Amino acid sequence: MSNIDPKAPFLPERDKGKSPVMECVGLGIDFGGLTAVDDFNITVGATEICGLIGPNGAGKTTIFNLLTKVYQPTRGSIYLDGVDTKNMNTIRANKAGIARTFQNIRLFKGLSVMENVLIGLHNEADYNFFGALLRLPNYWKTERVARERVLELLSIFDMEHMANYKAGSLPYGCQRRLEIVRALATNPRLLLLDEPAAGMNPQETEELMLNIQKIQKMFRIAILLIEHDMSLVMGICEGIAVLNYGKLIAKGTPSEIQQNPKVIEAYLGTGGGNDA
């Protein structure tokens, strides 16, 4: 594995011959005189479950912020379904098919579970401002369909009975799952999960692994996740990219990554980098 070019694309067999959902080419960003990410290249297959790992401070969350257009890259390009995202902002990137969860949960905790997921369905709203203001028939039809859709999405995690609970009253693991459901409500082509197992106990992590695989199969979407729990990463990811000091140092299958001397050195040596 050590002689394999980390820039070379890895795709699962089922995605070969299909257009990748995302490609990053020579991606980099500087903050003042500090280079946080440099020459990052990755291809994510149409339905791939892909892991992005690396020591603390390697630049992983910065990559997610670039993909979702929270940051604009200093150099390089990001293609979503072959379309350059250069001129997109976060809203346009979401409408184009990129959804994410966050390392620190960002729910509307004073709203209900139902209301949180309804917010995620904004991309599918079929009425305008005046239709909502005047409560025209199309508004009520759209609202009814949306609520039915929310219950369908919540059922993925067996949470439909929690629809009227306040989001902030849910146990930590349920809040994590709710954030994933809200992201799915935007109808993504690529779902980015930032440390989805953080704070979960082993049983919750096991359930999460099964649910991520279930989501990939149900929605036929690609999933890119950052995670420090190596049992989860090695258990569900088909391809894994390894970042260190803002640079991609390896890419391959879980078994290849586990045996890669550069990866072992990054984790057991000094490791580190510029950002979390």
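Biologist: Which residues in α6 are buried?
Modeller: This is a predicted model, where local features need pLDDT of at least 70 and side-chain atom pairs count only at pLDDT 80 or more, while totals for chains, interfaces and linings use all residues. Residues are numbered from 1 along each chain as its sequence is written, and side-chain values use heavy atoms, leaving out hydrogens and water. A helix is a DSSP run of H or I with at least four residues, and buried means under 20% relative accessible area (1.4 Å probe, protein chains only). By that cut-off, the buried ones in α6 are Gly-173, Cys-174, Gln-175, Arg-176, Arg-177, Leu-178, Glu-179, Ile-180, Val-181, Arg-182, Ala-183 and Leu-184.

Biologist: Are α6 and α7 roughly parallel or roughly antiparallel?
Modeller: Their axes (lines fitted to C-alpha atoms over the stretch in contact, with angles from 0 to 180 degrees between N-to-C directions) come within 12 Å and cross at roughly 10 degrees. Under 35 degrees counts as roughly parallel, over 145 as roughly antiparallel, 65 to 115 as roughly perpendicular and the rest as oblique. So α6 and α7 are roughly parallel.

Biologist: Which residues in α7 does α6 meet?
Modeller: Contact means heavy atoms within 4.5 Å. On the α6 side we have Gly-173, Arg-177, Ile-180 and Leu-184. In α7 they meet Glu-204, Glu-207, Leu-208, Ile-215 and Phe-219.

Biologist: Which cysteine has the sulfur nearest to Cys-50?
Modeller: A disulfide needs two cysteine sulfur atoms within 2.5 Å, and the whole structure has 0 of them. Cys-50 counts as buried, because its relative accessibility is 3%. At 6.7 Å away, the nearest cysteine sulfur belongs to Cys-237.

Key:
Buried means under 20% relative accessible area, exposed over 50%, partly exposed in between (1.4 Å probe, protein chains only). Helices (H or I, at least four residues) and strands (E, at least two) are DSSP runs, numbered from the N terminus.
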